[in-house]
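Hello,

Here is the model we talked about handing over. My notes follow below it.

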Amino acid sequence: MIESQNASLVYTDHGKQLYACRDVTMRVNPGEFVGILGPSGSGKSSLLYLLSGLKVPSSGETLYEGVSLSRTPDAVRAAIRLRDFGFVFQYPYLLGYLSAMENVLVARPDLDGHEQARSLLVNLGMESKMHRLPHELSGGERQRVCVARSLLGSPRVIFADEPTASLDHENGIQVVALLNRYRGEGALVMVTHDPSMLTAADRIVRLEDGVVAEGS
Amino acid sequence: MKALGPLTYLRRNQRKTLPLIGVIVLAVMLICGIVSLINSIPLSVRVIYQYSSLMMGVTPRGDAGMTDQIRPVILKESPVPIGRIATCRASETEVRSIVGPWTFAVIAVGPDDAKFTLDRLGVTKVNGRMPKPGAPEAVITEPVARNLKLNIGDVVLAPDKNDGYSPQEVKVVGIAETRYWFILADLDYYRVNHFPPIDLLLVFAKDPARQGELDAWAMERFKGERARIVAYSEIERQSKEMFNTLYRILDVVIGTLVIVITVMMGMLINIHLTQRTQEFALLQALGYTKRAMALRVVVETVMVVMLGWLLGLATAFGMLRLCQIILMDPNAYAIDIVDTVALRYTVPVPLAILAVSLYTLWSHFRTFDPVGVVERRLV
């Protein structure tokens, strides 16, 4: 479904070329839970952004359903992200002036997702807080709202970039479990530096210095 | 309500949007108020001397005997049928305007001409009576009475009044109801008591709508001759010349004000956009296009600017109406509280703010990298 073929991502820093990822070839199959594991600075997040089309590779290809994302116009890639992908980021980003419920609905403006959003928030234990604003929620609660947002519209792939980084271990475990439980038939690609978060993963890809060290 | 509808942001971030609206309201109110009040000066000229649009004054020059020669020329050569030529004498007094006292004519005519003149002025009723022949009496119109705070029995001209001299006390015996400003005295009294002993003419077109045509003809016909034509068009021309410089200064002041407000608003909008960087990054990462987000911000900005502009106009209207009730009307000062010129002066405010906002927005989104923000590298 999603495939990277010799994909590299190069940053230029003061005239020097730095490889965030180098010649990464890997595949994410439908419904699969793929963990991307590696130490800080190993290029995990960069790989996630390449796979999700948020970044285009400096060389090589990223394909979604056989179509090259790097050759697809920005607007089309944006439409793919909105329709087919869900995102959970390291930090629980929410729009401060919208309630938890409205923050979830933001993920799919093209759908009338009220019922599903409500159901997701109930399942994630946010029933009594779905009309609260983000500043009235704890860090763990905010990340649950982010999880609900990523699940709205039953996306085909959910990309989670260190979703447990800003949480304590217990909350982190809970968030990953919730993502895994409610993703349905969607694939889950999760980046983390903590192997204990990937106990349910179907497959783990290890990155070191931007290069796949194990799994692909 | 849509979660990301433009009104949602504005309503739920009132502490940010209300100051923006407030600044625009104040700027528009200030500009509209200043321009309306300044415009009230030339408007006052037009209103106070508007009676001259209904009659043409002719005074001889250098030779008092010219009056009798001018009359037949007008009757014979005028392309516009003449309704009446009244013989009159005149003296000066003062009326009060928003910028101080202005000279105003007291016109003395005979009883028949007085009736005709009041008819031409659209007088519907005279409270009191007309001046008696030879008596030191006058009829004033209602705006003059209000402006000079005069009632029947009060003195309008007196020996001790430098600005409205007459050898005897001239009392108000009637107040005529009309919108025109006019002071009418008796010709016989003036012939006996007032200097210089020169008869003047008041020339009325038969059809009041053609008075301007008659004035224009007379101005041309008597150019360089021993006659001076006093016509409304001359008053308008002089008024325009008089205020030309003032309006140039006003343009510079308003222009500077618009620039200051626009720069300030541009800075505020830039700060607000920067504060929303995370929001834009998140939405773009989720799949919203830059175009959709920019459009949303443009709609929000247009709403803020238009609301500020409309509220500014409404506030200006309210303030000017209050000014009209408290200050202008009791003194019969003229003011147009829905002055379209003032309205036009405010138009650059929303346009300039919108232009700066659009530029700020464009520069903000041009090199925007959502990944840098969601990875917390850029915030």
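**Helix packing in chain B**

In this predicted model, helix 10 (residues 290–328) of chain B packs against helix 12 (residues 348–366) of chain B at an angle of about 160 degrees, with the axes 10 Å apart. Helix 10 of chain B is therefore roughly antiparallel to helix 12 of chain B. (Angles under 35 degrees count as roughly parallel, over 145 as roughly antiparallel, 65 to 115 as roughly perpendicular and the rest as oblique.) Axes are lines fitted to C-alpha atoms, for helices over the stretch in contact, and angles run from 0 to 180 degrees between N-to-C directions. Helices (H or I, at least four residues) and strands (E, at least two) are DSSP runs, numbered from the N terminus.

The crossing of helix 10 and helix 12 of chain B is right-handed. (Right-handed means that the near helix is turned clockwise from the far one by less than a right angle, left-handed anticlockwise.) Helix 10 of chain B contributes residues including A294(B), V298(B), V305(B) and W309(B). From helix 12 of chain B come, among them, I353(B), L354(B), L361(B) and F365(B). Contact here means C-beta atoms, placed from the backbone, within 7 Å. By class, this contact has 14 nonpolar, two polar and one charged residues. (Ala, Val, Leu, Ile, Met, Phe, Trp, Tyr, Cys and Pro count as nonpolar, Asp, Glu, Lys and Arg as charged, and the others, Gly among them, as polar.)

Helix 10 of chain B also packs with helix 2 (residues 14–48) of chain B. The angle is about 45 degrees and the axes are 7 Å apart. These two helices are therefore oblique to each other. Their crossing is right-handed. V305(B) and W309(B) of helix 10 of chain B take part in this contact. On helix 2 of chain B, the partners include I24(B), V28(B) and G33(B). The classes are 17 nonpolar, six polar and no charged residues.

**Domains of chain B**

Domain 1 covers 6–46 + 239–374 and domain 2 covers 53–233. The bounds come from an automatic or database domain assignment. Their centres, taken over C-alpha atoms, are 48 Å apart. Seven residues of domain 1 of chain B touch seven of domain 2 of chain B. The domain 1 side has four nonpolar, three polar and no charged residues.

**Sheet in chain A**

Chain A has an open sheet of six strands, in the order 6-7-8-3-9-10, with mixed pairing. Strand 6 (85–88) and strand 10 (211–214) of chain A are at the edges with a single partner strand each, so one side of each has no neighbour in the sheet. The twist averages 25 degrees from one strand to the next. Strand 9 (residues 203–208) and strand 10 of chain A pair in the antiparallel sense over three bridges. (Pairing needs at least two DSSP bridges.) L207(A) has V212(A) as its bridge partner in strand 10 of chain A. Helix 1 of chain A packs on the sheet and touches strands 3, 7, 8 and 9 of chain A.

**Contact between the chains**

Chain A gives 22 residues to the contact and chain B gives 18. Helix 1 (44–51), helix 2 (74–84) and helix 3 (100–105) of chain A each supply at least two residues of the chain A side. Helix 2 of chain A has the largest share, five residues. The chain A side has 17 nonpolar, two polar and three charged residues.

**Conventions**

Residues are numbered from 1 along each chain as its sequence is written, and chains are lettered from A and ligands numbered from 1 in the order in which they are written. In this predicted model, local features need pLDDT of at least 70, side-chain atom pairs count only at pLDDT 80 or more, and totals for chains, interfaces and linings use all residues.

Best wishes

Terms used. Two residues are in contact if their C-beta atoms, placed from the backbone, lie within 7 Å.
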